[in-house]
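Student: I am new to this structure. Please take me through a single part of it closely.

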Amino acid sequence: MLIAAKRLITALPGTGVLAPGYLAVSGGRITEVGEGPPPTAPDLDLRTGVLVPGLVDLQVNGYYGVDLADCDPEGWALVAGRLPETGTTAFLPTFITAPVARLATALRSAQKTAGAATAGARILGVHLEGPFLSPARAGAHRRDWMVPPSPDAVAELLDAGHGVLRLMTLAPEADGALAAVAALVAAGVVVSVGHSDATAGQVAAAADAGARMVTHLFDAQRGLHHREPGVVGQALTDHRLTSGLIVDLCHVSAAACTIAFAAAPGRICLVTDAAAAAGMPPGRYVLGGQPMELPPDGAAPVRPDGTLAGSALRMDQAVANAVAVGLGLAEAVAAASRIPADLIGRPDLGRLAPGAAADLAWFGDDLRTRAAWVGGEQVYG
């Protein structure tokens with residue numbers, strides 16, 4: 001397949017926008033990318049909008065009425081099948097805090113469920129957001145289910161999640177947390193700091209132990225203070241750390257998003273933190289098995305007490321919002337594709353380059369997804 005595009009964004013550093021551009025696909029992979037018109041007549045000519053790498057979302061709690069912690073094969077297949085409508089072609093189902101035994105059971109189920117969902121967006125593994133979090137920064141998580149990361153608890157989750165646990169969020173100030181970071185990293189799990197009241201020094205110590213990410217920057221973590229930079233200050237200044245950011249302009253204001261992009265260029269990845277309410281009408285849904293509600297005013301979903309509980313954000317809308325607050329289009333696309341893919345060790349995803357998987361999204365001029373491909377096969381549009 002040979003595709004010509006009015007505009008093409010590779011998401012690679014320094015390449016920016018090819019206008020016009022083209023790419024060739026064979027055997028599910030990109031074989032050629034070039035600027036200008038294609039050498040022969042294209043099979044597909046995208047004369048409007050922009051062709052970008054398929055988007056990679058590292059934090060999806062649910063979507064389309066499905067709470068992914070349930071690990072129901074039909075529900076997972078539904079979400080994977082429909083996420084390409086939002087430009088997302090690869091994602092991490094995310095389980096929030098629950099008792100360790102329950103999370104271990106969910107991870108074992110996920111090993112089977114992830115392999116069964118063969119159509120639509122790629123399931124790259126599981127993001128475990130808890131239970132080793134700080135009750136002082138609980139957010140929508142249940143405090144009574146949070147526990148310190150004991151060696152036995154870490155070992156139980158690693159055993160249950162063998163081959164599927166890809167990312168884990170924890171609070172580095174908890175007793176035993178630094179040993180847990182080292183054990184998780186040694187097992188090939190990316191560790192992220194989140195739901196944390198840590199000082200900047202404690203976050204730096206976690207990075208020394210191997211942590212490489214901060215979960216939903218600004219939300220449910222110690223903020224920036226001029227004498228104690230906290231989680232936010234360390235995240236923005238420590239070049240070892242990449243931060244997830246929910247750019248729905250509800251969790252984080254436009255001004256704060258602008259600060260983050262300016263302070264940590266190339267180290268911000270867009271995430272949705274989407275919950276079951278995403279893609280659905282206003283009403284009642286669940287997050288981590290607990291109730292939440294999507295208001296009718298377009299705001300983010302909330303727990304019964306008004307606490308923000310995930311989002312209803314689309315990944316393509318996150319890109320559009322990032323552009324609206326001043327980030328360049330090429331940089332916004334990279335933040336939603338190459339940067340998260342690289343963070344979890346998937347350099348074959350999130351870029352338009354020879355040898356990469358032919359996971360593509362075509363945005364209209366309004367940056368809304370018009371079509372998507374996974375491995376060269378059209379899965380939407």
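Student: Which residues of strand β15 (residues 190-193) lie on one side and which on the other, and are they buried or exposed?

Tutor: First, the ground rules. This is a predicted model, in which local features need pLDDT of at least 70 and side-chain atom pairs count only at pLDDT 80 or more, while totals for chains, interfaces and linings use all residues. Residues are numbered from 1 along each chain as its sequence is written, and side-chain values use heavy atoms, with hydrogens and water left out.

Now the strand. Val190 and Ser192 lie on one side of β15. Val191 and Val193 lie on the other. Helices (H or I, at least four residues) and strands (E, at least two) are DSSP runs, numbered from the N terminus.

Next, the neighbours of β15. Strand β14 (residues 165-170) pairs with β15 in the parallel sense, over four bridges. Two strands pair if DSSP finds at least two bridges between them. Take Val193 in β15: its bridge partner is Leu170. To get from β14 to β15, the chain passes through helix α4 (residues 177-186). This β-α-β crossover is right-handed: with the strands pointing away from the viewer, the path from the first strand over the helix to the second runs clockwise.

Strand β16 (residues 213-214) also runs parallel to β15, joined by two bridges. The chain goes from β15 through helix α5 (residues 200-209) to β16. That β-α-β crossover is right-handed too.

Now step back to the whole chain. The protein chain holds 10 helices and 23 strands. Of its 381 residues, 59% count as buried. Its C-alpha trace spans about 60 × 45 × 45 Å along the principal axes. Among contacts (heavy atoms within 4.5 Å) with a separation of 6 or more, 68% come from residues 24 or more positions apart.

Helix α8 (residues 315-324) is another covered element. Seven of its 10 residues are buried. Among them are Met315, Asp316 and Asn321. After α8 comes Gly326, with a positive phi near 120°.

Last, the rings. The whole structure has two aromatic pairs. The centres of the Tyr63 and Tyr64 rings are 4.5 Å apart and their planes are at 45°, so this pair is tilted. The rule covers rings of Phe, Tyr and Trp (its six-membered ring) with centres within 6.5 Å; planes under 30 degrees apart count as stacked, over 60 as edge-to-face and the rest as tilted. Tyr63 and Tyr64 are both buried. Trp76 and Phe95 make the other pair, also tilted, at 6.3 Å centre to centre and 55° between the planes. Trp76 belongs to helix α1 (residues 73-82) and Phe95 to strand β11 (residues 88-96), 19 residues apart. Trp76 is buried at 1% relative accessibility, and Phe95 is buried with a relative accessible area of 1%.

Two charges also sit over rings. The charged end of Arg82 is over the ring of Tyr64, 3.9 Å from its centre. Arg142 lies over the face of Trp145, at 3.9 Å from the ring centre. Such a contact needs NZ of Lys or CZ of Arg within 6 Å of the ring centre and within 35 degrees of the ring normal.

Conventions: Buried < 20%, exposed > 50% of the residue type's maximum accessible area, 1.4 Å probe, protein only.
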